[in-house]
Amino acid sequence: MTPGSPPEDGLHHEGKATFVLGGAFFRPQSAIARDLAVLAAAVYRQRQGQLRVLDAMTGGGVRPLRYALEAGADWVWGNEGNPDLAPVLQANLAALPAGTYRLTHQDANQVFFSCYQQRDFYDLVDIDNFGSPAPYVSNGLWATKLGGMLYLTSTDGRATSGHDPERSLKTYGAWARSHPAAHEQGLRLLIGHAAQTVAARGLGIEPVFSLFTGQVHRVMVRLVSKPTLSDATYGFVAYCHGCGQFQTVDWRHLGRVNCLCGENAAVLSGPMWLGPLHDGATLAAMQALAENWGWRRQAKLLAIMAQENPLPPYYYPLGEIGRRGQMDIPNRDRLMAALNGQGYRAAVPSMDWQGVKTDAAFKDCLNIARHMQC
Ligand SMILES: C[S@@+](CC[C@H](N)C(=O)[O-])C[C@H]1O[C@@H](n2cnc3c(N)ncnc32)[C@H](O)[C@@H]1O
Ligand SMILES: [Zn+2]
């Protein structure tokens, strides 16, 4: 079988799940997003002693299977709007013990409202939509337990990358501009939108982990009672097209945003989440579990996420450093070591491994990269 082609016996395998598709949407390339969700759910199950999951857009049901078989979910609810998938889902979820799962075929928003009406709140609500998650975030909260988690998806790359700011305004209430750290911007717009939606109800969210996989942005957030949205965690990223420098800008200083180079006005994107992308303690527990399960690739990604977490909310692609410095693209690891040697922090951005996240000013980063080539 060649990678990506359907298996000859019609059976797909991922983690401990075996399933047929029968026309259900399924991207094998999204396995990493399911792996991290399973790890976060397993850590939650260990800490809280229970795990009830609502998978609101389940497709062929791979997620409820994996949450049950790998994360130890006590109960899973797979909902899929397309009723033609009922036979496929019934066949797939029959692998679980009777009485531990439920299958429905409703619109996801209808499911969320009925959960709220019945005071039936979930430890994990997974919303794997196409396009923007905005129509579901607010409603998904009605089904999420306080302290529980919401897993959100955006495949709306044009809006988050700044190529359609009108659409990002309508979707996220934010004006997204194009700049070299656009992949991270997508995650921050998504979290920012969720944080603002929750804040309007007097609650907060904490990102558990944030993942960009090349086309799709995903964030798992924890719903908490304390407010987490403030002018420190929710604001703007400014970029200077003249010199390449980023900076963060809070609401109080919107009126006077000049670049540090003193020569150009900076271009603003936002508002978006400026706080941490991940919860360090949960990442560490997920990484330990991944190592325990022999999931080396996932453990490596989680380590990268942990290292980037305390650094500023943007990064510099190596190609951009080469272009602006009119030099060969610098070696990432040598550049990071050189930055550390000058007292700066540096890490690999989880959303672009051919980049560097640093607290050095861009001109210092360029100078250090230049010296490396002498
Ligand atoms: C991206 S696919 C899900 C893939 C699956 N979660 C996985 O990991 O393989 C999205 C699914 O949601 C269903 N869907 C789309 N809009 C929906 C809605 N408003 N309510 C319920 N299901 C919906 C689609 O029919 C599709 O099967
Ligand atoms: Zn500048």
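Me: Which residue in S9 does Leu150 stand opposite?
Reply: Val221 in S9. Bear in mind that this is a predicted model.

Me: How many bridges join S7 to S9, and in which sense do the strands run?
Reply: Six bridges join them, and the strands run antiparallel. Strand S9 covers residues 217–224.

Me: And S6 with S7, parallel or antiparallel?
Reply: Parallel, over four bridges. S6 is residues 122–126. Asp126 stands opposite Tyr151 in S7.

Me: What does the chain pass through from S6 to S7, and what is the hand of the crossover?
Reply: Helix H5, residues 134–140. The β-α-β crossover is right-handed.

Me: Why call S7 largely enclosed by the rest of the structure?
Reply: Strand S7 runs over residues 144–154, and eight of its 11 residues are buried, so the rest of the structure largely encloses it.

Me: Which residues of H1 are buried?
Reply: The run goes Ala33, Arg34, Asp35, Leu36, Ala37, Val38, Leu39, Ala40, Ala41, Ala42, Val43 and Tyr44. Two charged side chains are in there, Arg34 and Asp35.

Me: What comes just after H1?
Reply: Gly49, with a positive phi of about 80°.

Me: Another glycine, then. Where does Gly81 lie?
Reply: In the loop between strand S4 (75–79) and helix H3 (86–93).

Me: Why is Gly81 classed as partly exposed?
Reply: Gly81 has 17 other C-beta atoms within 10 Å. A buried residue needs 20 or more and an exposed one 12 or fewer, so Gly81 falls in between.

Me: Which residues is Gly81 in contact with, leaving aside neighbours within four places in sequence?
Reply: Met57, His105, Asp107 and Ala108. Take Asp107: it is 26 residues from Gly81 along the chain, yet their C-alpha atoms are separated by 5.3 Å.

Me: Now the domains. What does the assignment give?
Reply: Domain 1 is 12–229 + 273–282, and domain 2 is 317–374. Their centres, taken over C-alpha atoms, are 34 Å apart.

Me: How many residues are in contact between domain 1 and domain 2?
Reply: Five residues of domain 1 with five of domain 2.

Me: Which element gives the largest share on the domain 1 side?
Reply: Helix H8, residues 182–199, with three residues. By class, that side of domain 1 has three nonpolar, one polar and one charged.

Definitions and conventions. Residues numbered from 1 in each chain as written. Chains lettered and ligands numbered in written order. Predicted model: local features only at pLDDT ≥ 70, side-chain atom pairs only at ≥ 80, totals over all residues. Domains from an automatic or database assignment. Contact = placed C-beta atoms within 7 Å. Pairing = 2+ DSSP bridges. Right-handed = clockwise from strand over helix to strand, strands pointing away.
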